Amino acid sequence: MQLSAGEWASLGMKAARGAGYSWGLAEEFGASLAVLAQWGISGAGPALALCAAQAVLGLPQMTEINGGVWGQSAAPLCPVATGALICDLGHSPQGLFGPRPLTLTAVAEPLMLLPFLDGLAARKGRAVQIATPKAALVFGGLFPLDANEITQFADHARDATLTLCAKPSRYGASVRRAPDLQTVTPEAYADLDRFTLATTVPATAQSRETGAGAGLSDND
Amino acid sequence: MDRAAPHIIGLAPIALRMPDTVMRLARMGSAHPTRLSFLRILLRRIETEGWRFERRIFDIDEKGVGYAVYCLHGPERSYSLVAFAHDLPADKRSDRVIATAWDATFTLFDGIPNADDITRLSANVPLQEAGRVSPRELSLSRANRSVRLFDHVVARLATGQQPERDALDEVGYLMRTTAVYGSSKFGAAENADIATRPELCAPFQAEMMSVWLTRSFTIDLVNHLARTKGGADATTLAPALARSLGVGNSTGLGMAPFLVRHPALLDAWVRVRETALTRVRGQKRMSMANLRALIASCEAARDTGATWRSSHPVQLAKLADLRGDLEKLHHHLTTGRVRCAGNLPWNAIWLWGEAHLSLEGQEMLLSILLEPCGALIDDLEMSLRADEPPAPPIEGKFQLGDLRRVIEGRYAWALSYDFSTQEARARFWYVSEEKLEPRLGARFEEEGANREAPLGIAYLIRQAYDAIATYPDATPAYAFILAHPEHRQILRRIQWLAGRDYGEIRENLIGAEILPIDMMRYKLAFFGANHFDPRSDKWLRISLFAGQVFPEHICAPAHGGAHAA
């Protein structure tokens with residue numbers, strides 16, 4: 001089935017919240033999925049993996065920033081929390097526009113990180129580069145990116161050490177917008193939807209008695 | 001002066017009403033439609049631009065089963081209501097949003113559908129949420145017949161008689177929608193992709209277009225069924241009676257959270273309305289023609305008040321206030337008390353109203369004052385939009401000391417509640433697992449508060465404010481939300497709403513005394529709804545387009561259409 005970008009954002013937000021993310025990060029989670037959808041990329045798989053990991057173990061969340069190397073624990077960083085932090089830092093010296101490149105030791109599902117970098121590049125008018133030792137992507141640079149380049153890089157970037165930096169750019173090429181939104185299989189949708197159920201409350205006899213239309217004929 | 005109209009000169013500077021005055025539920029729950037309401041904007045554009053209308057297909061059998069296609073042709077594009085009529089057993093008819101069968105289902109198609117489109121839509125639109133539409137569709141909706149009125153009207157028309165006027169006034173519609181889904185819902189077009197079109201730039205224009213054409217369909221359907229039942233004896237609904245009818249809408253709690261979840265949009269809507277009021281009040285002259293127009297506007301409001309029915313005790317009291325207020329206002333306008341040549345005569349009427357009318361009356365006065373001033377205020381409709389990204393960026397460098405001062409200033413109303421009391425936290429908003437609809441629960445009596453939806457803005461502000469107080473002033477916001485991701489959402493909201501002072505409902509939305517119908521009425525008044533009829537504190541019926549024109553009145557006919565009536 002084909003989901004609109006708005007539906008991706010909503011599904012992602014609710015699933016992330018259901019998996020245990022804060023509402024604020026859940027909003028970022030949904031926004032990342034919506035951007036991927038506009039690029040023609042389904043983020044259902046990565047989203048599901050993140051929700052599952054978050055629900056079971058909780059992904060490592062940094063609580064402080066020490067130096068230019070982030071994520072020195074054994075487990076990979078959450079791409080949503082990391083992307084959000086990079087954006088929050090903006091021009092702060094600890095962030096992407098500081099004097100040194102930023103190193104992320106490993107990021108779970110790096111595909112979900114990339115929309116944050118694209119958004120930051122667009123807002124700040126910079127070119128933002130993310131690189132492994134063997135490959136790199138540049139958002140806001142000279143050449144527009146397409147879905148294939150992005151998904152190939154994201155696959156390659158799994159478990160890799162990532163280096164991020166930003167430079168002034170007068171080109172601002174973003175990612176080509178896909179003519180059609182990416183489809184999601186009913187199974188993947190159902191899997192994500194299961195997490196959203198954790199944001200809902202089961203009915204009780206009392207709630208049925210006091211619901212919006214309860215106790216009145218609604219058919220006259 | 002407002003910044004929206006630097007070209008307007010000669011107006012006295014009148015301050016906008018303060019958010020602490022405007023954004024209170026008692027006043028919001030007294031709102032009325034105005035000429036800047038969304039359905040009025042749609043009708044003005046269609047008339048001004050000379051749109052054409054056709055009933056392209058009306059293929060409905062004697063049982064009322066089949067489909068119809070109604071087209072509106074604008075200067076650049078056409079839009080088509082595709083309606084599917086069903087034979088619904090009475091025991092299946094329910095207004096609840098979670099129903100699974102309806103008397104009629106609809107979609108607004110972008111363009112003119114071909115046979116393949118109709119086939120695709122016929123397999124999905126009748127299923128509503130269980131089906132899927134595509135970016136070619138701009139809305140998805142359904143409606144049920146009014147048990148009180150529909151069969152009565154058909155029976156009367158079939159025997160060549162008109163229905164009782166009182167019966168029509170009592171209900172106000174032949175069918176009522178139970179949901180009208182728009183942008184991006186169930187696969188429909190993204191609002192951002194269609195909002196660049198001038199005709200869809202103002203809010204909810206596709207949905208309004210759909211409901212307007214649905215209204216025509218409901219009239220055609222009763223005429224058609226009367227004719228199949230009564231044959232040569234049948235007559236059609238008299239135009240004046242048809243015009244009095246709108247499309248009903250039954251609205252539960254689902255609509256209330258919208259205003260909290262779309263604060264930038266709310267700010268834009270309210271700012272437009274308030275700016276319009278200041279422009280009107282700021283006029284230095286009032287002609288006799290102006291005064292006559294105001295009196296006519298007051299009399300039209302009086303007619304609306306006279307045909308407005310409700311059995312809810314709260315609304316009955318408000319209706320009594322409104323009717324009394326309109327008599328007072330009419331007396332004020334017609335007995336020489338308005339000095340047209342006096343100082344700021346429009347403002348003088350407004351100030352008189354503030355001193356003498358109830359909240360219902362004051363908000364109706366706003367609508368009456370705006371009505372004759374289209375040339376002065378209609379350009380404001382272009383400012384009703386707001387960009388609302390799913391996660392606006394956070395300015396992480398913002399220091400907590402500054403944030404605290406912002407909260408103490410803009411959110412003093414939120415800090416005024418004592419959340420240590422159970423009354424202040426008595427309710428919680430949640431989504432029901434069974435219905436997937438917003439609900440309002442009793443926090444200290446029901447399970448589920450651990451899954452609360454973040455709509456209690458005042459309490460969230462208080463919690464963030466208290467947490468911030470434990471940090472040094474110079475702490476950057478990013479460090480705070482890194483340590484406290486639970487406050488990320490509210491901090492984003494505070495920053496996002498800087499300069500959007502009408503973006504918050506300045507009430508404790510989880511307090512014991514909250515009346516959700518006030519929120520629903522406010523939103524529906526922006527749509528242009530009237531005849532608000534609360535059925536409980538959480539459920540409201542309204543009518544859309546009652547008294548307004550039909551397509552035939554403002555559109556030239558397009559060739560090749562079917563004729564149902």
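Reply: Let us begin with burial: a residue is called buried if 20 or more other C-beta atoms lie within 10 Å of its own, the C-beta atoms being placed from the backbone. Please note that the model is a predicted one.

Me: How many residues of strand 11 of chain B are buried?

Reply: Six of the six residues of strand 11 (539–544) are buried, so this strand is largely enclosed by the rest of the structure. In a regular strand, side chains alternate between the two faces of the sheet. Here W539(B), R541(B) and S543(B) are buried on one side, and L540(B), I542(B) and L544(B) on the other.

Me: Which strands pair with strand 11 of chain B?

Reply: Strands of a sheet pair through backbone hydrogen bonds, either parallel or antiparallel. Strand 7 (246–251) of chain B pairs with strand 11 in the antiparallel sense over five bridges, with G248(B) opposite S543(B). Strand 10 of chain B is also antiparallel to strand 11, over four bridges; there N530(B) is the bridge partner of S543(B). Strands 10 and 11 form a hairpin with two residues between them.

Me: Where do the buried residues of helix 7 of chain A lie?

Reply: An α-helix has 3.6 residues a turn, so residues three or four places apart point the same way. In helix 7 (186–196) of chain A, L192(A), F195(A) and T196(A) are buried. These buried residues fall within an arc of 110° seen down the axis, so they line one face of the helix. They pack against helix 1 (5–19) and helix 3 (44–56) of chain A, whereas P186(A), E187(A) and A190(A) on the other side are exposed.

Conventions
Residues numbered from 1 in each chain as written. Chains lettered and ligands numbered in written order. Predicted model: local features only at pLDDT ≥ 70, side-chain atom pairs only at ≥ 80, totals over all residues. Buried ≥ 20, exposed ≤ 12 C-beta atoms within 10 Å, placed from the backbone. Arc of directions from axis to C-beta. Contact = placed C-beta atoms within 7 Å. Pairing = 2+ DSSP bridges.
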